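Thanks for asking me to look this over. Here are my notes, as numbered points, to read alongside the model.

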Amino acid sequence: MRHSPEAASAEEAAGSEIPGGRLSVWLFAIGLAVYAATRLAGLADFPIFFFTDEAIQANTAQSLVHRNFRDAQGVLLPGYFLNDQRRAMSLNIYLLAAPIALFGKTILTTRGTFAIVSLLGAAAAGGALRVLGSRGWWSPPLLLAAMPVDFLHSRVAFETTPACFAGFLFAYLLYRLRSPRWAFLAVLLGAATFYSYTAGQGIMIVMGVLLLVSDFRYHARVFREHNDLMVGAILLLAVTMIPLVREMRRHPHSTRDQLTVLNSYWVSSIPLSRKLGMFAARYVQAFRPSYWFFPGAPEAVRHLVKDRAFVPPPYLVLLMIGGMGALASARKSAGDRVLLFSPLAVPFSAAAGDMQILRVLPMIVPIALFTALGVGEVLSGIRRRLPRKAVAAAGAGALAIFAGSLARNALAEGPTWFHDYGLYGLQYGSRQIFEKVREALAKSPKTRVHVSPVWANNPLPFLDFFLAPSERRRVDIRSVDDYLLERHAVSDDELFVMTGEQYEKASSSRKLVLSPEDTIILPDGRQGFSLARLRYSEDADRLIAADREARRELVEGIAWIDGEKVTVHHSMLDLGYPSLMFDGRPETLVRGLEANPFVFVVDFPAPRRIAKVHLQLGAMDIVRLKVSLTPPGGGEPVSFENVYRGFRANPVIDFPLPDGAVEAREVRVELEEVGTGPTTHMHVYEAAFR
């Protein structure tokens with residue numbers, strides 16, 4: 001049974017009309033303490049990686065403060081900031097500005113800021129259920145504290161959408177069930193959700209429409225009775241839209257660019273009906289119980305707690321009880337309708353791409369709320385046989401023990417949960433590498449350090465995060481692989497940081513002579529990184545020339561184009577296989593192995609009429625495209641060439657043949673990124689002949 005916010009039982013009246021009485025207040029306080037302790041303990045050490053997105057946000061916040069809250073273009077209080085190739089950062093930068101200005105730019109400061117925001121979100125979730133009158137209102141902080149997916153992601157410095165979403169639901173329920181004066185807080189926290197990250201935009205669009213329609217009569221009545229108040233709330237809403245309007249005017253293609261970087265099907269050339277079908281399929285995926293409540297979700301290991309589901313399986317029973325109770329009350333209870341709408345809003349933005357936990361992470365808010373409603377229903381159903389307060393205290397104790405065990409296990413054993421510490425795994429090593437780099441720089445003022453880029457996604461922001469400006473000038477991101485492919489000038493003052501695999505490859509190549517100086521050991525005891533100086537061997541020039549010639553040779557493969565099996569000769573690949581270029585899925589790709597130009601030749605079994613070549617490529621500034629078509633009877637190929645400049649991220653090329661459609665048995669495509677040298681890795685997402 002749900003307690004209405006308008007009427008409390010005699011038992012609750014003794015506790016100042018708090019559902020569940022004073023014990024619930026104590027349990028809520030204990031829950032917040034447990035949540036805070038499990039999020040702040042060992043925060044700089046776990047997760048064992050410090051991710052590039054964390055560094056980018058901290059660097060951007062520090063830069064904003066140094067520029068007196070202007071961006072690089074001089075815009076005061078910018079609405080959005082560039083995150084690598086996407087203008088997706090907003091609220092998080094402002095949240096970090098004050099802590100970094102006060103306490104410095106460290107891992108603890110950066111992560112601690114977001115851990116505290118998550119704590120406020122857990123408190124807001126409990127507050128929302130207290131407004132709703134649930135006996136289980138005290139439980140969300142404990143439920144979230146014991147939730148592996150929240151434990152992991154509340155300890156990294158880029159997730160604020162769940163907390164802001166919980167805050168919005170709390171504020172809106174206050175507005176809807178307590179007083180219209182809470183409309184201002186609802187607007188502010190709705191804006192915070194919208195600007196927290198891309199997922200928040202979709203959440204607020206969907207929630208805004210649903211709440212406007214379902215509570216239209218209430219809004220209209222409040223507008224009639226409190227005209228001045230509602231006009232003020234509408235004006236505040238208009239003010240919160242200013243950053244979005246400015247962004248749309250300054251960067252009108254920002255949304256499309258983001259979708260392009262994500263390889264979203266929305267920017268592909270497939271029919272609208274297929275796009276809508278893909279959206280529906282991805283939207284539904286976010287509600288699969290197997291994804292949330294069973295171990296083994298198809299995610300990168302850095303987003304997983306070993307052998308544990310994102311959400312403890314026992315929550316599912318309580319969630320179903322709470323959800324059925326909310327459904328039963330929804331017709332008469334505006335508060336229950338608000339909660340029922342909340343999960344529907346979460347996958348809206350996420351469905352634009354492939355299912356990933358970071359895109360649907362705000363779903364933990366409705367999961368926690370409905371599970372807590374289930375706790376309240378169970379407690380309300382207890383009559384005489386069991387003491388209600390004892391059951392509540394025992395449940396709270398069990399959750400606290402589970403949360404503490406999760407944190408203890410993570411801090412003690414988390415470093416060896418998984419053994420893939422590289423690019424496609426944990427991306428471990430940023431702090432450890434730059435501690436060694438600073439030591440090397442301090443030993444000699446002449447030393448320059450080259451840090452390998454292959455172990456992390458975009459490690460460049462780490463240089464600004466970990467190094468002082470004077471140190472930063474002596475460090476860059478460069479791979480020892482470049483020195484294996486082509487001869488470069490190198491001196492004894494240059495120190496290379498390379499992965500263990502790179503060190504073995506370089507030392508066995510016979511092109512380089514390495515002088516190791518230091519190592520970094522992985523948590524499982526293996527050698528992770530080596531710091532070494534190098535020089536070329538006497539045979540280096542001959543070996544490099546031989547390898548260069550070998551890489552120019554095309555290799556043979558097969559692909560399926562429009563249901564037809566074809567032979568494809570192509571430059572050597574280090575990622576993917578030829579069919580991925582022709583599968584109609586922009587999220588798949590092939591990557592050339594240091595091949596610039598990148599070449600592929602398609603030999604059709606029967607002549608084909610071709611009027612246009614369609615390509616979707618990886619990011620580049622200037623690309624030269626050459627297309628050669630061999631007639632059905634053989635003879636000299638007909639060639640066409642064009643140069644494209646000023647591309648946005650992940651360019652799409654539609655190249656109509658100047659002389660119209662041509663009959664061809666063979667098509668040769670050469671792609672050259674101008675000005676980058678012969679060892680560039682070319683990315684091809686899609687290729688088609690039309």
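1. A word on terms to begin with: helices (H or I, at least four residues) and strands (E, at least two) are DSSP runs, numbered from the N terminus. This is a predicted model, in which local features need pLDDT of at least 70 and side-chain atom pairs count only at pLDDT 80 or more, while totals for chains, interfaces and linings use all residues. Residues are numbered from 1 along each chain as its sequence is written, and side-chain values use heavy atoms, with hydrogens and water left out.

2. Confidence first. pLDDT is the predictor's confidence in each residue, from 0 to 100; the protein chain has a mean of 92, and 96% of its residues reach 70 or more. Please take care with residues 4–16, where pLDDT stays under 50. Where pLDDT is low, the predicted coordinates should not be read in detail.

3. Next, the surface. I205, V209, L212, V213, F216 and F348 make a nonpolar patch of about 590 Å². Patches are made of residues with over 30% relative accessible area and no salt bridge, with like charges joined within 9 Å and nonpolar side chains (Val, Leu, Ile, Met, Phe, Trp, Tyr) within 5 Å. Accessible areas come from the Shrake-Rupley method with a 1.4 Å probe, and for residues only the protein chains shown count as cover. Helix α10 (residues 198–214) gives the most to this patch, with 4 residues. F348 sits in helix α19 (residues 347–350).

4. Is T113 buried or exposed? T113 is buried, at a relative accessible area of 11%; buried means under 20%, exposed over 50%, and partly exposed in between (1.4 Å probe, protein chains only). T113 belongs to helix α5 (residues 107–132), and its side chain reaches the backbone oxygen of T109 at 2.9 Å. Leaving aside residues up to four places away in sequence, T113 touches L95, L96 and P99 (contact means heavy atoms within 4.5 Å).

5. Now the charged pairs. A salt bridge is a side-chain nitrogen of Lys or Arg within 4 Å of a carboxyl oxygen of Asp or Glu, and the count by this rule is 32. One of them joins D541 and R487 (2.9 Å, N to O). That pair links distant parts of the chain, 54 residues apart, with D541 in helix α28 (residues 540–552) and R487 in the loop between α26 (481–485) and β5 (494–499).

6. R608 and D562 also form a salt bridge, with their closest N and O atoms 2.9 Å apart. R608 is buried at 16%, whereas D562 is exposed at 64%.

Terms used
A polar contact is a pair of N or O atoms within 3.5 Å; within protein, one must be able to donate a hydrogen and the other to accept it, and residues adjacent in sequence count only if both atoms are side-chain atoms.
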